Amino acid sequence: MGLGERGGWERCESMYCGVETEFSDDVPSLLSFHISTGGFDYVLAPLMNPSYRPSLVEANGSSSDTQVLPVSGSDLVLAPSQWSSHVVGKVSSWIDLDSEDEVLRMDSETTLKQEIAWATHLSLQACLLPTPKGTSCANYARCVNQILPGLTNLQLWLRVPLVKSDGDSMDATSKGLNDSWELWNSFRLLCEHDSKLSVALDVMSNLPSESSLGRWMGESVRAAIISTDSFLTNARGYPCLSKRHQKLIAGFFDHAVQVVVSGKPVHNLPKASDSNTEGTQRHPLRSYLDYVAYLFQKMEPLPEQERLELGYRDFLQAPLQPLMDNLEAQTYETFERDSIKYIQYQRAVAKALVDRVPDAKASELTTVLMVVGAGRGPLVRASLQAAEETDRKLKVYAVEKNPNAVVTLHNLVKLEGWEGMVTIISCDMRFWTAPEKADILVSELLGSFGDNELSPECLDGAQRFLKPDGISIPSSYTSFIQPVTASKLYNDVKAHKDLAHFETPYVVKLHSVARVAPSQSVFTFTHPNFSTKANNQRYKKLRFNLPSDAGSALVHGFAGYFDSVLYKDVHLGIEPTTATPNMFSWFPIFFPLRKPVEVHPDSPLEVHFWRCCGSSKVWYEWTVSSPTPSPMHNTNGRSYGVGL
């Protein structure tokens with residue numbers, strides 16, 4: 001049924017809401033009560049009678065050959081699709097695999113394996129593992145790690161309380177935990193980042209700081225279990241959540257996290273709401289479900305462009321190599337749809353034309369403008385519109401190396417009647433001999449990291465036909481990096497099981513990531529650059545500090561962005577704090593780390609980035625030197641390079 005319909009959110013897993021239940025050996029009645037009557041989508045239910053202990057069965061003299069496990073009923077009581085869609089298993093909460101008591105430890109190990117085997121037999125989609133009892137969870141993780149390789153469809157959710165104390169105030173429910181993220185991190189590391197292991201967060205009435213909560217958006221959180229105790233009461237007596245809880249739940253909805261309601265009703269609702277319109281008794285937790293549904297339906301509808309890009313969220317793509325490869329028509333069409341980008345280019349060209357030619361000479365002087373890398377003509381069109389808007393005379397050379405795009409250019413010039421103004425040159429800009437010098441050089445050679453599609457090399461080669469006082473649009477661009485927690489991206493890279501994929505930067509629409517520190521600038525290029533010592537190799541050392549109240553974080557890699565000055569105050573970019581609104585031509589770039597680095601607020605993250613140039617390619621190398629050194633990535637461009 002779901003939490004309702006909301007523009008663009010219907011495809012999101014977060015539209016389903018569960019309820020945590022006690023053990024029942026009558027599962028059909030359990031489902032009927034909570035799903036048919038209550039309106040929940042699934043139950044989070046124990047699979048085994050909580051009084052069961054393997055050692056007690058043996059002490060009573062029962063043979064393991066004849067023993068029947070006290071599970072919640074035969075698999076035949078529900079159809080396979082019902083087990084799969086409406087039941088999430090809950091492993092017995094008493095188990096303690098790191099107990100000093102050997103009998104309890106052995107019972108726990110046996111029961112865990114039996115319950116997971118039963119959940120697998122039932123074709124459940126997920127099973128909830130209880131919270132580790134202490135800070136040490138090595139044996140628990142070892143047993144789970146033994147189980148994980150044998151799972152195909154079953155996901156394991158480790159239950160973790162959402163706790164982060166500020167050092168002196170301890171949450172009573174935290175069981176001595178200072179920061180529950182540390183517990184999750186150690187368990188996840190012991191299980192080698194297995195993609196079938198996720199986390200279910202117990203949301204408490206007291207929430208940690210915003211910085212601390214933000215870390216979880218980059219982790220593989222599958223469920224947020226909210227106790228009825230965490231709800232406040234509104235003026236009409238109904239349950240509601242604090243503003244901070246509402247913001248957190250909205251963030252979870254946006255990251256495909258499902259809400260599970262847990263506990264007994266603690267609100268004395270008005271009598272009229274005790275029964276529904278048919279006069280039958282309402283589910284005791286229905287008002288909590290209604291409030292969660294209200295929060296879901298209150299979400300802002302996704303903008304049209306965001307809906308189109310849903311399939312690209314956290315999807316790794318190799319960056320384009322337009323210098324080495326010719327782009328396809330579909331790629332051109334995608335970029336040409338980005339009207340905001342060309343509006344910015346038109347503004348930049350218009351300002352440059354006005355600066356170049358004073359009003360008094362507008363009817364006499366003709367500005368020579370060269371579009372290098374003209375593609376199918378959007379920059380040619382933007383430049384001619386800028387000339388018309390400023391009433392300046394313009395002569396355009398459209399230089400394009402892709403012979404297929406040149407065909408489109410010729411047709412465009414005929415169709416628009418530009419024959420007298422536009423000359424098409426089918427040639428690589430680096431090897432063309434221009435018949436005259438240009439006043440303005442316009443290009444759109446920028447990649448997600450600014451220089452990663454070889455804009456510096458191309459423009460260095462093309463600036464020989466720019467007048468000494470000529471203008472380059474763009475005039476400069478700067479790359480930025482930012483450390484991120486990106487559990488999904490890391491697991492997707494790891495799934496390839498080779499070194500090369502960890503040494504390749506990817507273009508990706510970042511979504512399930514936590515940005516653990518503000519971005520910093522890396523490399524800057526300025527055009528034209530007439531220096532005789534021009535060199536496009538670069539090196540930068542950066543230090544990132546986590547906010548003091550954030551707690552520790554695991555850095556899986558670096559998000560990369562760019563910001564570009566087209567001309568004077570006209571800029572274009574994707575760096576989050578200054579990004580051009582509503583522009584979609586560039587997704588960020590992601591530089592993975594072979595081994596994720598744990599970073600603490602009191603210990604800076606020190607990163608090194610190089611841009612290296614060879615005779616046939618350009619490549620990046622990167623490494624972390626502190627708090628723990630990582631291997632050098634992509635030495636000599638062995639895994640990834642951009643071909644010249």
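User: Where is the place of Met429?

Analyst: In this predicted model, Met429 sits in the loop between strand E13 (422-426) and strand E14 (438-442), where helices (H or I, at least four residues) and strands (E, at least two) are DSSP runs numbered from the N terminus. Residues are numbered from 1 along each chain as its sequence is written, local features need pLDDT of at least 70 and side-chain atom pairs count only at pLDDT 80 or more, while totals for chains, interfaces and linings use all residues. Side-chain values use heavy atoms, with hydrogens and water left out.

User: Is Met429 buried or exposed?

Analyst: Met429 counts as buried, at 7% relative accessibility; buried means under 20% relative accessible area, exposed over 50%, and partly exposed in between, with a 1.4 Å probe and protein chains only.

User: And what does Met429 touch?

Analyst: Not counting residues up to four places away in sequence, Met429 touches several residues, including Val372, Val399, Cys458 and Phe465, where contact means heavy atoms within 4.5 Å.

User: Which residues does the "binding site" annotation cover?

Analyst: According to the unreviewed UniProt entry, the annotation covers Tyr332, Lys341, Tyr342, Glu400, Asp428 and Met429. These residues span 98 residues in sequence and the farthest two C-alpha atoms are 23.7 Å apart, so they do not all gather at one spot. UniProt positions are given in the numbering used here, feature names are shortened, and annotations may be inferred rather than shown by experiment.

User: OK, what about Tyr332, where is its place?

Analyst: Tyr332 belongs to helix H11 (residues 329-336) and is buried, with a relative accessible area of 11%. Leaving aside neighbours within four places in sequence, Tyr332 is in contact with residues that include Glu400 and Asn402.

User: New topic: which polar contact does the side chain of Asp179 make with a side chain?

Analyst: The side chain of Asp179, a residue in the loop between strand E5 (155-161) and helix H6 (180-190), makes a polar contact with the side chain of Arg215 at 2.9 Å. A polar contact is a pair of N or O atoms within 3.5 Å; within protein, one must be able to donate a hydrogen and the other to accept it, and residues adjacent in sequence count only if both atoms are side-chain atoms. A polar atom of the Asp179 side chain also lies 3.0 Å from the backbone nitrogen of Trp181.

User: Buried or exposed, that Asp179?

Analyst: Asp179 counts as buried, at 5% relative accessibility.
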